[in-house]
Amino acid sequence: MRAHPTARKASLLTAGIATAALTLSACGATADDTNTNAGASGATGGNAAPASGLQIMVPNSPGGGYDTTARTVAKVMETEQITGTVQVFNLPGAGGTVGLQRTVNEKGNGKLAMQMGLGVVGAAYTQKSQATLNDTTPIAKLIEEAGAIVVSKDSPYKDITSLIDAWKKDPSKVNVGGGSSPGGPDHLLPMRLAKAVGIEPKSVSFISYDGGGELLPAIIGNKIAFGASGFGEFLDQVKAGQVKVLAVTSEERIEALPDVPTLKESGVDFLFTNWRGIVAPPEISDADQAVWVDALTKMHDSQAWKDEMKKRGWTDAFVTGDEFGTFLKEQDTAVAEILTSLGLVS
């Protein structure tokens, strides 16, 4: 496994995952003759043909952050002719652990990869998944993204201070929603925010949705008081005036949302960063791993990817191979400690 030469060392994030019987057939990858990667040299330069037959599984519903990231990755690799057509398909369930189990079951299938992130790390614990990320092959960490506190356009809360005041007064009556299961980033964010403002995390009324695609209608329809998720999932709705971001969890304001204050600006000493990456099934060949790493490295270096990151407000966090594998182990340890402190795992 190789680390990209320009990759920066990512610091350990302090915030950072139901086994299911799988019967998926038509849309998924199978470990058959497609496992032979004829394009193994295609992503490494020269005049070789682009890598072909690649698939990216999204382990939650369409419309969320994982889905957006995977489809953006596929689009850039295709348009830059780094690869042939990349099939992106969704396999939601159990906070991403249905997809994780499927990935582990596809042992040796070098054509398949799974889009994932902090949420899958936590869900592996809270869902008591038999499959773990330690069973997968690390490919690349792609981006980081600040969290956001989001309300509907007609919410009674006009700023983060009024929301927190109401939340502290009676946490049980201020429902918060997130696009991940307990243990995922959209759960860890409000739990740690609650602790930061003096609310007992166990008293928080948290409603879990399977990805941002399900969370968004709940925010717009006022089924919850506020949503906590990556800010990039709401940019189109912010521009359309359907939702309002009250605060972001970054150190500084986000370029894509210049008028939105940080929590620190509002007097809340709290930072939170989510991340997303790609893993492959266990026991894939070195050649197949190199195809993924080289293709994603070329994608990362392209102007098209830089333009997408700027458009979506993503922060570059690109590392590959062993360095990403080390990061995953660090995240696993940190998330386990956080979930234990919240009483979610023993």
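# Chatting through a predicted model

Colleague: Where does serine 61 have its place?

Modeller: Serine 61 is in the loop between strand 1 (55-58) and helix 1 (65-79). Helices (H or I, at least four residues) and strands (E, at least two) are DSSP runs, numbered from the N terminus. Bear in mind that this is a predicted model: local features need pLDDT of at least 70, side-chain atom pairs count only at pLDDT 80 or more, and totals for chains, interfaces and linings use all residues. Residues are numbered from 1 along each chain as its sequence is written, and side-chain values use heavy atoms, with hydrogens and water left out.

Colleague: OK, is serine 61 buried or exposed?

Modeller: Buried, with a relative accessible area of 9%. Buried means under 20%, exposed over 50%, and partly exposed in between (1.4 Å probe, protein chains only).

Colleague: And what does serine 61 touch?

Modeller: Leaving out residues up to four places away in sequence, serine 61 touches Asp67, Asn90, Pro92, Asp210, Gly211 and Glu214. Contact here means heavy atoms within 4.5 Å.

Colleague: New topic. Where does valine 260 lie?

Modeller: In another loop, the one between strand 8 (243-248) and strand 9 (273-280). Valine 260 counts as buried, at 9% relative accessibility.

Colleague: Which residues does valine 260 touch?

Modeller: Val245, Leu246, Ala247, Val248 and Arg253, again not counting residues up to four places away in sequence. Take leucine 246: it's 14 residues from valine 260 along the chain, and their C-alpha atoms are separated by 6.5 Å.

Colleague: Now the helices. At what angle do the axes of helix 8 and helix 9 cross?

Modeller: Roughly 65°, and the axes of helix 8 (residues 286-301) and helix 9 (residues 303-312) come within 5 Å. So helix 8 is roughly perpendicular to helix 9. Under 35 degrees is roughly parallel, over 145 roughly antiparallel, 65 to 115 roughly perpendicular, and the rest oblique. Axes are lines fitted to C-alpha atoms, for helices over the stretch in contact, with angles from 0 to 180 degrees between N-to-C directions.

Colleague: Which residues make the contact?

Modeller: Met299, His300 and Asp301 of helix 8, with Gln303, Trp305 and Lys306 of helix 9.

Colleague: Last one: what's the mean pLDDT of the protein?

Modeller: It's 86, and 86% of the residues reach 70 or more. pLDDT is the predictor's confidence in each residue, from 0 to 100. Residues 1-47 stay under 50, and for them the model has 131 contacts beyond four places in sequence.
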